[in-house]
Amino acid sequence: MKRWSQFFVPTLKESPSDAEIASHKLLIRAGLVRKLGGGLYTFMPMGLRVMQKLSALCREELERENPEHGRAGAIELWMPHLHPADNWEQGPRWAAAREIMFRADHAGAGKGRAREPEFVLGPTHEEVITPLVKQEITSYRDLPKNFYQIGTKFRNEIRPRYGLMRAKEFVMMDAYSFDADDDGAIKSYLAMKAADEAFFRRVGVKAIAVEADTGVMGGSFSHEFMVPAEVGDDDVIYSDAGYAANREKATSALVPADLADAAPAGEVEKFATPGVATIAQLAAEPYSVPGDAQFKTLVYMGDGKPFLVVLRGNDELEEAKLGALGFTLFRPATADEIAPVLGARPGSLGAVRGTIKDPAALAGVFADHAVRLIGNGVTGANEDGFHLRHVNVTRDLAITKFGDFRRVRPGEPCPRSGQPLQSRRGIEVGHIFKLGTKYADKFGAAYTDDHKQSHPMVMGCYGIGISRTLQAVIEQSHDADGIIWPWAIAPFQVLICLLDPKLPEALALAEQLAAAAEAAGADVLLDDREERPGVKFKDADLIGVPLRVVVGGKGLQAGVIEVKPRAVKEALKIPVADATEQLAGLVRAAASAVTV
RNA sequence: CGGGGUGUAGCUUAGCCUGGUAGAGCGCCUGGUUUGGGACCAGGAGGUCGUAGGUUCGAAUCCUAUCGCCCCGACCA
């Protein structure tokens, strides 16, 4: 039991001016965190308690054995936060990952040896765990294994945002599974997905698993855990049939599987379009070519070589989907890079065979499936101020490969059910990847099987943003008065508001109640401050403790105390004689409702 | 990194346009009256006006630079 007067809960009446969203304001007003600098936060005693509870639940769920998948539980370890830059240089994503890493020097750098070793602050730990496992595990008998840690991660976020939501330094659970083969890796993946789901369920936050893009991490498939919230950074595309995917990854059944190729509608014909540089201009008078009858040709640079992406005029490129093409780094090409290859400036570009000035320079022409819906359409002539009409997809376009590159729009048919797709914002609180052998190959993490054959280990990696989850819970569970903590992670589960701390019998009863609640399994905060009742009630709502008990002189005269769950309006009056017993009962009921 | 905004007491802020005494509320300290939803009265402490230059007799205010922070975009747990 903690006494408020002796503890430290610095609440604020007003929101700091730099907090924008509800959860960020409440984090600070309720005294959970304080800002050191952009994206850097001190966890105050109350905030730390929540973090510790989240971590404890996370450990429990990860370490639980998973007989359904034949998996043992994950094993905790602790890796350095400071990594030799060498590890990253040897890994598969140095070029892409260095952008977000902090480089660390020691304060005396330059005064000692001519060449100082370089260090980075770890943004994640594949580059550390994989060499470790290579060194320690060489036999199939030691597989599968799944290691995890809960610790600080450092990412030089280009733009920290919304308090803990996107911070430069944050707390993450990261786990890494190592399996002998792909089937095993899938089992590990599913076991971790189940563990994460169990974790979020026990925390008391609604987080849904959605299909996700693998991004810089690489790998073959991936899910994100999303907490639905307007302030989230991601769009989740979903249907009532249970399909859910990050917009970056989402597809639709817009193009029927049995769509026949359109027959040519006539000879390709060049026509002058002076000054026309956009889809909209071509759609307007006097040309009047609807956007969805135009081919849009985009030029990107993939690992130094240009490639084309062809979309319907009204469709937008979903840039993340270009990741499937296998380039390490890609970016839009500049006009100066485009002209020598295609022969025209943006606005008159096309992918029609024979019009591309230097087709050999291209790393490929990739067309979205949806262009097949156009059949015959209009596109740039690769000659400034000219377009081509009657361009037939199969006859005329120099397509290397079709793929899914367009951004899905709400209302399109769900790929599973055909129901209209919907969209909502979400906060990404977890992300799991089946990595395959990408890292194992690079670091030589291999094992010997029972036929003396060597194979690369098949990996998976799994992250949960612990500090971000803390804020996501607040975002999802608050009202105008403050936070409404779920029981399992509340900094305290019972708050005893002692309205008359100077009244000896009131203090004695409050302490007795505190002891009873504690014995029943709750963490108890006793508000023994010499404050007016209004202040105590406001603070109680603000800090969001799930069960509030009021002990006051007036109640005692009437022979009652009050108990009120944070989430409801009406308080329960309980006779003093039954108080300890009933409170203990309420605590036990609340606790058992959330464990398991 | 591009675009927008903003720095005044522990917090929220007024003053800046149109240069001359830096003001309020909350919080804090002392005393008193209060005490079931952020009390009241009296008194008090606390500010190099982000920083550095410049203009001026005189700069929180005008100019320049710089730093921090916030928001929008790309990135991510």
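Q: Contact means heavy atoms within 4.5 Å. Which residues does Ile466 touch, beyond those up to four places away in sequence?
A: The model is predicted. In it, Ile466 touches Met51, Leu54, Ser55, Cys58, Ile150, Val171, Met172, Met173 and Phe199.

Q: What makes the set around Ile466 a nonpolar core?
A: A nonpolar core needs buried residues of listed kinds, Ile among them, joined through side-chain atoms within 4.5 Å. The largest such core has 62 residues. Ile466 is among those with the most contacts inside it, as are Leu32, Met173, Phe199, Leu470, Trp485 and Ile489. Helix H2, residues 45-63, gives the most to this core, with seven residues. In general, nonpolar side chains tend to be buried together in soluble globular proteins.

Q: Which residues does the second core include?
A: Phe295, Leu308, Leu349 and Val371 are included. This core has 25 residues and is separate.

Q: Why is Glu126 called buried?
A: The cut-off for buried is under 20% relative accessible area. Glu126 has 0%, so Glu126 counts as buried. Glu126 is found in helix H5, residues 126-136.

Q: How do you know that Glu126 and Thr124 make a polar contact?
A: The limit is 3.5 Å between N or O atoms, one able to donate a hydrogen and the other to accept it. The side chains of Glu126 and Thr124 make such a contact at 2.7 Å.

Q: Why are S5 and S6 said to stand at the edges?
A: The open sheet has the order S5-S7-S6. Strand S5 (82-84) and strand S6 (102-104) each have a single partner strand, so one side of each has no neighbour in the sheet. From one strand to the next, the twist averages 40 degrees.

Q: What makes S20 a partner of S14 and of S19?
A: Again, the test is at least two bridges. Strand S14 (residues 269-272) and strand S20 (residues 386-392) pair over four bridges, antiparallel. Strand S19 (residues 376-380) also joins S20 through four bridges, antiparallel. Both pairs therefore pass the test. Opposite residues in S20 are Leu388 for Lys270 and Asn392 for Asn376. The hairpin of S19 and S20 has five residues between the strands, and there Asn382 takes a positive phi near 55 degrees.

Q: Which residues are the closest to RNA strand B?
A: They are Ser17, Arg155, Arg159, Asp541 and Glu562. In total, 48 residues surround RNA strand B. Sugar and phosphate make up 46% of its atoms that come within 4 Å of the protein.

Q: What makes the approach of Arg161 to RNA strand B a polar contact?
A: The cut-off is 3.5 Å between N or O atoms. An N or O atom in the side chain of Arg161 is 2.7 Å from a phosphate oxygen, so the pair qualifies. Gly38 uses a polar backbone atom, 2.9 Å from a phosphate oxygen of RNA strand B. A polar backbone atom of His431 is 3.3 Å from a sugar or linking oxygen.

Q: Which element gives the most to the surface near RNA strand B?
A: H13 does, with seven residues. Helix H13 spans 533-543. Other elements giving two or more residues include strand S22 (422-436) and helix H14 (553-558).

How values were computed:
Residues numbered from 1 in each chain as written. Chains lettered and ligands numbered in written order. Predicted model: local features only at pLDDT ≥ 70, side-chain atom pairs only at ≥ 80, totals over all residues. Heavy atoms only, no water. Buried < 20%, exposed > 50% of the residue type's maximum accessible area, 1.4 Å probe, protein only. Axes fitted to C-alpha atoms, helices over the stretch in contact; angles between N-to-C directions. Near = heavy atom within 4 Å.
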